[in-house]
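Hi there,

Here is the structure I promised to pass along. Have a look at it first, and my notes follow below.

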Amino acid sequence: MKPVVLLGFWGSPFGQRCKIALAEKGVEYEYREENIWGNKSPLLLESNPVYKKIPVLIHDGKPVCESRIIIQYIDEVWPHRAPLLPADPYARAQARFWADFVDKKFHDCGTRLWQLNGDAQAAAKEELIENLELLEGELGDKKYFGGDAFGFVDIALVPFVSWFYTFENCAGFSIEETAPKVVAWGKRCMERESVANALSDPHKIYETVGAAVLLDFWVSPFGQRCRIALAEKGVEYEYREENVVGHKSPLLLESNPVYKKVPVFIHDGKPLCESLIIVQYIDEVWPHRAPLLPADPYARAQARFWADFIDKKLKGEGHAAAKEEFIGILKLLEGELGDKKYFAGDAFGFVDIALVPFVSWFYTYETCAGFSVEEVAPKLVAWGKRCMERESVAKTLSDPHKVYEFVGALKKIYGVE
Ligand SMILES: N[C@@H](CCC(=O)N[C@@H](CS)C(=O)NCC(=O)O)C(=O)O
């Protein structure tokens, strides 16, 4: 064993603090990654019998636990390079106060923010904003928290910079708007090799803790609604293709035991079913960008009415037998759209998302039932083209010919003409 060993975990801000402090001091050490959610090593359990947590610094065979205590230890053992705490006792006390604040307040509400939902999450968000404002005030126009030199408070706080993306996405707000100086300070810290080498990729953190997964099927208009809503909101998520006409995954069956259908959106480990419900959830969880439902309750009710109408009526492939009824539905939608840009007016929203995936089915309707959608509903066709100018839509919709082929294949499977 090398004289200095650090037991850590890649995503741990506490472990990263120790990596930064050791790098600032130029101390060589052996890093050992712990499986903190699985089997902890005997060395970890024996070195930190009280908390059984990383980080642990083992120096000359003796373990030191608790990240803030480890940083101070490092500063005292290797005092000659890059002092981390100021020399003045009052300034040292202040630095310890703010580093303690980071753990007690900032880390605590940051954790609640991504672990909880609803009112509890909203409360954590308010607290996080207050804490960011306090840190913004303490930083002021200084380069680092301690002044010109990078030090203890910077090391305590900076690992959380790579969590900002997760906080913002889980709670729907902009940290830059709340604490621009803290964000600029984070960037300044990232210019240091010690920090840049220690911090985690913000996307990797978000994928791990704030994970969003969509169980879907490429041609599903219902799944496409969710994809468009997620794209409009700029939410990162993992797309998982399901074999809906063959073997459905255990995750799908377990997540949607009632209908066993895609799409299922899994957010923070909790499944949501039914596309229109998922789109509304997405709108509520990420309200800061591109609102999908109008603010006014009456307008919201109207949007829900038309989206529900689309779900109830616009099924099947417009077969000849149902042709007249189908044309009637298209005409009703044409009337509701009128001369508006989108269904709710100038902003692309809920009804557009509910309907637009069916635009790539128009070709199938026309071919199967022998009529021209453009002749029946020209405004609807123009609206479809307008929607296709949006990246969220263009990237999501299926090729109309592929839809047609798919419908043909489905008919064969189910023995329909
Ligand atoms: N107050 C501790 C916090 C350490 C901590 O929470 N470590 C987490 C990783 S981020 C851990 O080891 N968790 C494993 C567990 O709770 O069993 C410190 O500053 O070192």
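This is a predicted model: local features need pLDDT of at least 70, side-chain atom pairs count only at pLDDT 80 or more; totals for chains, interfaces and linings use all residues.

Helix H12 (residues 221–233) packs against helix H14 (residues 275–285) at an angle of about 10°, and their axes are 9 Å apart. Angles under 35 degrees count as roughly parallel, so H12 is roughly parallel to H14. On the H12 side, the contact is made by Phe222, Arg225, Cys226, Ala229, Leu230 and Lys233, and H14 contributes Ser275, Ile278, Val279 and Ile282. Sorted by class, that contact has seven nonpolar, one polar and two charged residues.

Next, the sheet. Four strands make up an open sheet with mixed pairing, in the order S2-S1-S3-S4. Strand S2 (30–33) and strand S4 (62–65) are the edge strands, each pairing on one side only. On average, neighbouring strands are turned by 20° against each other, direction ignored. Strand S1 (residues 4–8) pairs with S2 in the parallel sense over four bridges, and Gly8 stands opposite Glu33 in S2.

Two helices go with these strands. Helix H1 (residues 13–25) lies across S1 and strand S3 (56–59), and runs at about 150° to S1. Helix H3 (residues 67–77) packs on the sheet and touches S3 and S4, with its direction at about 125° to that of S4.

There is also a ligand, and the residues around it include Phe9, Ser12, Phe14, Lys52, Lys53 and Arg68. By class, its shell has five nonpolar, two polar and four charged residues.

Finally, the centres of domain 1 (1–84) and domain 4 (294–417) are separated by 59 Å, taken over C-alpha atoms.

Best wishes

Terms used
Residues are numbered from 1 along each chain as its sequence is written. Domain bounds come from an automatic or database domain assignment. A residue is near a molecule or strand if its C-beta atom, placed from the backbone, lies within 6 Å of it. Ala, Val, Leu, Ile, Met, Phe, Trp, Tyr, Cys and Pro count as nonpolar, Asp, Glu, Lys and Arg as charged, and the others, Gly among them, as polar. Axes are lines fitted to C-alpha atoms, for helices over the stretch in contact, and angles run from 0 to 180 degrees between N-to-C directions. Angles under 35 degrees count as roughly parallel, over 145 as roughly antiparallel, 65 to 115 as roughly perpendicular and the rest as oblique. Two residues are in contact if their C-beta atoms, placed from the backbone, lie within 7 Å. Two strands pair if DSSP finds at least two bridges between them.
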